[in-house]
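The questions below go through the fold of one protein chain, from its overall make-up down to individual residues.

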Amino acid sequence: MDGRLQIFTGNAHPKLANDIVTELEAPLGRAVVGTWRNGETRVKLEENVRGSDVFIIQSMSNPADHHLMELLLMIDAARRASASRITAVVPYYAYAKQEKKTSGREPISAKLVANLIVTAGADRVLTLDLHAPAIEGFFDIPVDHLRAASLLAQRFRRDGKVNLVSVSPDAGGVARADEFRTRVGAPLAIISKRHPGPDSTEVLEMVGDVDGKIAVIVDDMISTGGTLVAAAQMLKDRGATEIYAAATHGIFAGDALDQLANSPITRVLVTDTIVLPPGPRELLDVVTVAPLLAEAIMRIHKDLSISALFT
Ligand code: R5P
């Protein structure tokens, strides 16, 4: 790629964007990303991007629709200003849980969001721990899909935790928990759960032995916290000595932080793909994804393989 590297951000997570450009020893591109008086989103890139290799960093965190709109308008602005390549860097991809219809007359929101990003003019997407890996296929452009398992596992190894068991809180998360298990050298347990209603969770059964072990519930995201709280209760009932949670995206919707503080969970490890909401933070450990994303951006810019980031 010959074009200059230029990196911009919307308002979803300026700190993460700043941490990424600090890693890259590159400046953050100047841009106005605000709101017109009528409430519509206003964007203006304040630097020439003609012929540049442009990266736009924007998590689709709450308010997801607004942050998505900022991203789309920034992509459109870069496209119309003749950037030679535009990569949407989306540390947290929202609407991912709606990647299929679970009953009639529902949208497939994750596909629509992919269509919007492509239609706006993105050439590539760089993202982290999509709720379902198949979402990559919703894009007809290259998607570099990173995983945070190595960062999360590294933290547990650094803390010298032994006698761990990696727990998937649902059938859909088995591959994720299995990767974590491999990295920390632990057995695997799998919980089966169901959603009796929107945003509510009920655990049904568990396969695997957690008795006398330190259980680590591995998940892609923590939203209401319902999954973790229900899983933790089952793990405690089955004899786990301590219970930890490790998840990539800490959404912590509503009173999730309070719910977790009142659960049997000792600590919750998340990454910084999303700005943490207000609430009790004592339980939380945060590991940054800035170096990982910075490395990926540099490799994409230089047309190098990013497979090395998965080892
Ligand atoms: C579900 O399939 C996901 O992997 C997470 O387990 C879920 O999104 C967490 O949501 P909540 O915290 O609302 O239970």
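Q: How many helices and how many strands does the secondary structure of the protein chain come to?
A: This is a predicted model, in which local features need pLDDT of at least 70 and side-chain atom pairs count only at pLDDT 80 or more, while totals for chains, interfaces and linings use all residues. Residues are numbered from 1 along each chain as its sequence is written, and side-chain values use heavy atoms, with hydrogens and water left out. Helices (H or I, at least four residues) and strands (E, at least two) are DSSP runs, numbered from the N terminus. Counted in this way, the protein chain comes to eight helices and 14 strands.

Q: What radius of gyration does the protein chain have, beside that of a compact globule?
A: The C-alpha atoms fill a box of roughly 60 × 45 × 35 Å, taken along the principal axes. The radius of gyration is taken over C-alpha atoms, and the globule rule is 2.2 Å times the number of residues to the power 0.38. For 311 residues a compact globule would have a value near 19 Å, and the protein chain agrees with this at 20 Å.

Q: Which strands stand at the edges of the sheet of five strands?
A: Two strands pair if DSSP finds at least two bridges between them, and on that basis an open sheet with parallel pairing runs in the order E1-E4-E5-E6-E7. Its twist averages 15° from one strand to the next. Each edge strand has a single partner strand, so one side of each is left without a neighbour in the sheet; these are strand E1 (5–9) and strand E7 (143–146).

Q: What is the bridge partner of Asp53 in E5?
A: Strand E4 (residues 53–57) and strand E5 (residues 85–90) run parallel and are joined by five bridges. Within this pairing, the partner of Asp53 is Arg85.

Q: Which strands does helix H2 touch as it packs on the sheet?
A: Contact means heavy atoms within 4.5 Å, while axes are lines fitted to C-alpha atoms, for helices over the stretch in contact, and angles run from 0 to 180 degrees between N-to-C directions. The direction of helix H2 (residues 64–80) makes about 165° with that of E5, and the strands that H2 touches are E1, E4 and E5.

Q: Which two residues does a cis peptide bond join?
A: The proline concerned lies in the loop between E4 and H2. Omega is about 0° at this bond, which joins Asn62 and Pro63.

Q: How are H1 and H8 oriented to each other, and how do the residues of their contact divide?
A: Helix H1 (residues 14–24) and helix H8 (residues 290–301) pack with axes 8 Å apart at an angle of about 60°, which makes H1 oblique to H8; angles under 35 degrees count as roughly parallel, over 145 as roughly antiparallel, 65 to 115 as roughly perpendicular and the rest as oblique. The contact includes Leu16, Ile20 and Leu24 of H1 and Leu293, Ile297 and Met298 of H8.

Q: What phi does Glu25 have?
A: Glu25 is found in the loop between H1 and strand E2 (31–35). Although Glu25 is not a glycine, its phi is positive, at about 50°.

Q: Which strands are the edge strands of the sheet of seven strands?
A: This open sheet has mixed pairing and the order E10-E9-E8-E11-E12-E13-E14, and its twist averages 25° from one strand to the next. Each edge strand pairs on one side only, and these are strand E10 (200–207) and strand E14 (284–287).

Q: Which residue in the turn between E9 and E10 has a positive phi?
A: E9 and E10 run antiparallel, joined by six bridges, and Ser192 stands opposite Glu205 in E10. The two strands form a hairpin with two residues between them, and the turn residue with a positive phi, about 60°, is Asp199.

Q: How are H4 and H5 oriented to each other?
A: H5 also lies across strand E8 (164–168), strand E9 (188–197) and strand E11 (214–222), running at about 165° to E8. The axes of helix H4 (residues 149–158) and helix H5 (residues 174–184) come within 9 Å and cross at roughly 40°. H4 and H5 are therefore oblique.
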